[in-house]
Amino acid sequence: SKIYPTLTATFGSEWNPGIDNNSRLIVLFHPMRDDAGGYTNYGDEYPKVQVPTSNEREMVYLNTRSIATPVLNGLLAHEFLHVITFNQKDRLRDVSEELWLNEARAEYVPTLLGYDAEMENSNLDQRMKSFISSPTDALVRWKNETEDYAGANLFVQYLVDQYGAQILQDSLHSDLTGIASLENALSKLNPPTSFEQVFIDWTIAVFANDCTLGERY
């Protein structure tokens, strides 16, 4: 009643009824490594003749350790956005989103849904603590480590705070991917700006965190 209508209205639909001709989304809980919240497998969106390990369903996988935690809804929403992204990028536009931006959009979803409103123990709280402990991790070089998610989260928080969630929508509904898709979305602003300038401003804001220097910082 909250995740599905909000995300589909904001970012567009998943493949529906999908490869299995069933509008339901399958959620599978299973044990994972301690620091994993969940994942999607785009191979599930292809028939077994193409991907033998495919489950031929629209589905997400969540860590059993997350069931009784405050971040469960956010994790489900995060993974569902990946399902939406597959449809919007891979299926409809025949392009694959760069990992860092795919994860950055999904990292913003708990905030969009209000799950980060209470900071303590929220996804944003965890990402901030991780970023503070490892602030020099490269934004676009994705190693699938905790610090990668932390940097992506804080960058996209800044991006939306400054320029609005429309940037994420426009970059998703584009034939371009990664930085190029953000450049295209940022160029439509009045006045337009660039990814390079946004990245520089974010870097300054991270270190300065002082509004007396200007709203960007």
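Glu-97 counts as buried at 9% relative accessibility, where buried means under 20% relative accessible area, exposed over 50% and partly exposed in between (1.4 Å probe, protein chains only). Glu-97 forms a salt bridge with Lys-89, and the closest N and O atoms are 3.9 Å apart. A salt bridge is a side-chain nitrogen of Lys or Arg within 4 Å of a carboxyl oxygen of Asp or Glu. The model is predicted: local features need pLDDT of at least 70 and side-chain atom pairs count only at pLDDT 80 or more, while totals for chains, interfaces and linings use all residues. Residues are numbered from 1 along each chain as its sequence is written, and side-chain values use heavy atoms, with hydrogens and water left out.

**Salt bridges**

- The whole structure holds ten salt bridges.
- Lys-89, the partner of Glu-97, is buried with a relative accessible area of 0%.
- Asp-137 and Lys-143 meet through their side chains in a salt bridge of 2.8 Å, N to O. Asp-137 is buried at 19% relative accessible area, whereas Lys-143 is partly exposed at 45%.
- Arg-216 forms a salt bridge with Asp-201, with 3.3 Å between the closest N and O atoms. This pair links distant parts of the chain, 15 residues apart: Asp-201 is in helix α8, and Arg-216 is in the segment after α8 (195-208). Helices (H or I, at least four residues) and strands (E, at least two) are DSSP runs, numbered from the N terminus.
- Arg-216 is partly exposed, with 37% relative accessibility, and Asp-201 is buried, with a relative accessible area of 1%.

**Aromatic pairs**

- Rings of Phe, Tyr and Trp (its six-membered ring) pair if their centres lie within 6.5 Å; planes under 30 degrees apart count as stacked, over 60 as edge-to-face and the rest as tilted. The count by this rule is 13 aromatic pairs.
- The pair of Tyr-39 and Tyr-61 is stacked, because the ring centres are 4.5 Å apart and the planes stand at 5 degrees. Tyr-39 in strand β2 (residues 38-39) and Tyr-61 in strand β3 (residues 59-63) are 22 residues apart, and the pair links distant parts of the chain.
- Tyr-39 is partly exposed at 32% relative accessibility, while Tyr-61 is buried with a relative accessible area of 6%.
- Trp-100 and Phe-155 form an edge-to-face pair, because their ring centres are 6.4 Å apart and their planes are at 65 degrees. Trp-100 lies in helix α3 (residues 99-112) and Phe-155 in helix α5 (residues 146-163), so the pair ties together parts 55 residues apart in sequence. Both residues, Trp-100 and Phe-155, are buried.
- A cluster linked by ring pairs consists of Trp-100, Phe-131, Phe-155, Phe-195, Phe-199 and Trp-202.

**Cavity**

- One cavity of 30 Å³ or more is found in the whole structure. A cavity is a set of points, on a 1 Å grid over the protein atoms alone, where a 1.4 Å probe fits but cannot get out; lining residues have an atom within 4 Å of a point.
- The largest cavity holds about 40 Å³ of space, a volume being the space filled by probe spheres set on the points, with grid points joined across faces, edges and corners.
- Residues that line the largest cavity include Thr-40, Tyr-42, Arg-57, Met-59 and Phe-86.
- The lining of the largest cavity has four nonpolar, two polar and four charged residues. Ala, Val, Leu, Ile, Met, Phe, Trp, Tyr, Cys and Pro count as nonpolar, Asp, Glu, Lys and Arg as charged, and the others, Gly among them, as polar.

Terms used. On a 1 Å grid over the protein atoms alone, a cavity is a set of points where a 1.4 Å probe fits but cannot get out, and a pocket is an open set with protein on both sides within 12 Å along at least five of seven lines; lining residues have an atom within 4 Å of a point.
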